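Q: Could you walk me through how to read the fold and the backbone of a model, one feature at a time?

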Amino acid sequence: MAPLMKRPAWTPAGFDDWQRHYPSTPFARNAGPLDWTACFIDCWNRPRAGFPTTTTVVLVAGLYSECLPGCHRDARRTLSAAGYRVMTVPVRSSRTVMTQGEHIAAWLRKRLAPGEAFIALTHSKGGIDTLAALVSDPTLMGRCVGIALVQPPVGPSAIIDRLFSPPVAPVPLLERAARRLMRTRWTAQGTRDISSDRDPRVAAMLNAIPDELHIVHAVSWSIEPATRFDSHHTRLNGYRPDCAHDGQFYLEHQVLPGIPQICLPRLDHGQPVLGGLGFNAGRFWLGLADLLHVTSTQTR
């Protein structure tokens with residue numbers, strides 16, 4: 001029997017290959033000082049703890065993460081090994097963005113020492129939940145020396161919009177089950193806030209991010225599902241052929257206009273928190289922490 005071929009390690013280089021895989025994508029990357037991709041690649045190539053290790057790292061995951069064994073496990077291990085104190089905020093998919101933001105703010109106020117500085121490394125809806133927490137508490141925001149939002153749901157999930165809309169044809173069994181699950185009290189409110197029917201306060205918040213917040217967001221595309229969870233390539237390719245997505249959100253729906261950006265290739269929506277397909281999640285989050293340190297003297 002021939003030996004199995006080892007999958008190549010993921011690399012942050014090569015974002016512009018999306019034009020070959022998804023030629024109809026309505027996307028233009030940020031220009032000039034708002035494109036931090038090259039800086040992130042440098043940080044990826046030289047893994048290190050840039051912030052003083054007195055800086056606490058706060059990890060916030062997104063929807064359904066409470067149901068994912070191993071969520072953020074590699075990030076916790078790598079960041080702790082680098083010397084940081086790491087805290088993982090418990091989240092619930094039943095909470096809206098605003099409710100979850102209140103929970104995150106209260107949780108941090110209770111556990112951070114007076115004056116303790118922190119960075120927030122967030123994924124998916126966890127990013128806008130954390131923004132809601134910081135915007136609601138100026139004192140807490142003043143202690144946040146950096147926040148990274150990875151694959152933030154700035155625009156709606158086409159998958160969730162489909163599940164929340166009335167069926168127009170006989171619905172397959174798995175889709176019927178998903179429709180029922182999305183309407184339960186454990187998921188409905190949080191899920192609705194990544195749909196077109198979200199609380200209008202979320203869009204208003206995303207359009208008025210405070211200038212004093214040191215922030216970066218990461219957008220990505222992928223061509224291969226990393227897990228069976230949160231990877232909907234076939235459906236998204238069918239809804240809008242040749243348009244780039246990360247298995248859950250189209251590329252342009254991850255973009256925060258006017259906010260520093262890094263652009264990542266071949267990164268499926270679940271990979272930052274679960275790994276897979278040769279992706280080193282621990283190294284990724286350490287690189288983002290260092291990126292926030294390197295850019296901490298820059299302003300938008």
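**Reading the chain and its loops**

A: Among contacts (heavy atoms within 4.5 Å) in the protein chain between residues at least 6 apart in sequence, 80% join residues at least 24 apart. This is a predicted model, in which local features need pLDDT of at least 70, side-chain atom pairs count only at pLDDT 80 or more, and totals for chains, interfaces and linings use all residues. Residues are numbered from 1 along each chain as its sequence is written, and side-chain values use heavy atoms, with hydrogens and water left out.

Q: What percentage of the residues of the protein chain count as buried?

A: A residue is buried under 20% relative accessible area, exposed over 50% and partly exposed in between, using a 1.4 Å probe and protein chains only. Here 53% of the 300 residues of the protein chain count as buried.

Q: In which loop is S124 placed?

A: S124 is in the loop between β3 (118-123) and α5 (125-136). S124 likewise has a positive phi, of about 55 degrees, without being a glycine, and counts as buried at 8% relative accessibility.

Conventions: Helix = DSSP H or I, 4+ residues; strand = E, 2+ residues; numbered from the N terminus.
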